[in-house]
Amino acid sequence: MKNNLIFFVAVFSFCLQLGHVHGAEQLPTEWRITAGNWRFADGILSVDSMNAEARVTFGEDSWQNYEIKVTATFLKVQNNSRWLAIVFRGARDGSTPWSQFPIRLKTSGHSGSEFAVRKDSKHWDVRQRVRAVKDSQIGRPRQLRVVVQGSNVQGFLDGQLLVESPFCMDRNTGCVGLSVSGCMAKFEDFKVRRLPDTPQILQKDLKPFEVVAHRGFSAVAPENTLVAIQKAIEAGATGCEFDVYAAKDGPVVLMHDATVNRTTDGIGKVTELTVAQLRQMDAGSWKDQRYAGESVPTLKEALKTLKGSGCQAVIEIKMEGISKRVVETVRAAGMLDQCAVIAFSATVVKEVRALEPRLPCAWLSGEKLKGSPSQRAAWIASRAKQCNTNMVDLNYNMLSAEVLAELKKRGLIVWTWTVNDPVIMEGLMRWGIQSITTDRPDLAAKLSKRAGGRNNPPDHLR
Ligand code: G3P
Ligand code: CA
């Protein structure tokens, strides 16, 4: 791959560089200010974005692949979280969507660097958050480099690879630029090398997939409640995921966190509260007053809500030691053919597989893997084998077209979570993903149906 890149650069690329025009105050004509206060003098582009974001674009909307390099220096910041960034796959006029590789002054912090997409004037989709080894310092230059090829993007800081994602899909082509927020900064030695065009992912066919609502239709209703499950069915989900623990007195109940603190008006650990105590809690108001009084459901109630809806119950077991109780509850509901179990714990997956082989059971993972697609797939497949399953449910950042193909080659059924951006859903569809877990089952169901996916709820239940 590296050799190819060097070859392409040497043979096909051209290089564009800021001129060193002494004393000039005007930006060279190739640059377009789309927001903020920029100044160009002595080969240095400086900007003041202390009070508002600033952006400048360079190049053509038709550019597909390139390598962008710049030396960037923070001069003053409002606070440690402020950032400067290279923009890629943008539009000359600054319109959305556009993508960026930023660094914050506290570069080693959570989101010290990112791959982020500005979807519209208000929303970002942050596809990857990473920490650099070292923080940035006022007055100390850092080298930023971005390589975009097809739907792959890599972001480097001082030579270190920080961001790597195959989800650069919002535009097939687009110009480049710089972007800053809440700081004063300067940029020097800006260079763009064009790289040869590559086949576009959008030329592949869309394939339908299973639409799994994440914790119910959690974008609109309080997660892990009966109303969220009901809304998932109405939204056309073909599956509904929820999380379970056992209450102190035994029954299995729906809750994501180990405590009730975030999603109810009570406090305490789920496993130290009885069902009666959990029942008294309000699990809806935290989301919206119109859900006040919504209670913490039992697994039995959740299954009853889903039975016959055409929507599969996807039960995520969050603690060890309750597999038998979960399997028995599913059997008692007569829903072996309408349920699946998922778990991060290999022990739980193994137990469920042994207890009830008719119940599909996937091993969950959000591991950050390194190595070739085949090495990554081999690691995932070996973990699945240890759990005695052929189903895996992976954080979407673990996937690429190649990794997915390698996993399928190894006979695995691949689900993914949690994807809320339709652009990424489309990419995954074109790669042939089998199931997507999402907070937005409404958007996912539309996409899947467009590709011939099954209609849910079935007509007789509409
Ligand atoms: O579907 C899997 C996903 O739910 C795992 O993450 O934190 O939402 O339980 P979490
Ligand atoms: Ca979950």
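Guide: Residues are numbered from 1 along each chain as its sequence is written, and chains are lettered from A and ligands numbered from 1 in the order in which they are written. Because the model is predicted, local features need pLDDT of at least 70 and side-chain atom pairs count only at pLDDT 80 or more, while totals for chains, interfaces and linings use all residues; side-chain values use heavy atoms, with hydrogens and water left out.

Visitor: What makes α5 oblique to α6?

Guide: Helix α5 and helix α6 (residues 346–355) pack at an angle of about 40°, with their axes 9 Å apart. Angles under 35 degrees count as roughly parallel, over 145 as roughly antiparallel, 65 to 115 as roughly perpendicular and the rest as oblique, and therefore α5 is oblique to α6. The axes behind such angles are lines fitted to C-alpha atoms, for helices over the stretch in contact, and the angles run from 0 to 180 degrees between N-to-C directions.

Visitor: Which residues of α5 and α6 meet?

Guide: S323, K324, V327 and R331 in α5 meet V348, E351, V352 and L355 in α6, where contact means heavy atoms within 4.5 Å. By class, this contact of α5 with α6 has 4 nonpolar, 1 polar and 3 charged residues, with Ala, Val, Leu, Ile, Met, Phe, Trp, Tyr, Cys and Pro counted as nonpolar, Asp, Glu, Lys and Arg as charged, and the others, Gly among them, as polar.

Visitor: Which residues surround ligand 1?

Guide: Among them are H214, E316, K318 and W417, and a residue is near a molecule if one of its heavy atoms lies within 4 Å of it.

Visitor: Why are the phi of D42 and the peptide bond from T96 to P97 pointed out?

Guide: Most residues other than glycine have a negative phi, and most peptide bonds are trans. D42, which is not a glycine, has a positive phi of about 50°, and the peptide bond from T96 to P97 is cis, with omega near -5°.

Conventions: Helices (H or I, at least four residues) and strands (E, at least two) are DSSP runs, numbered from the N terminus.
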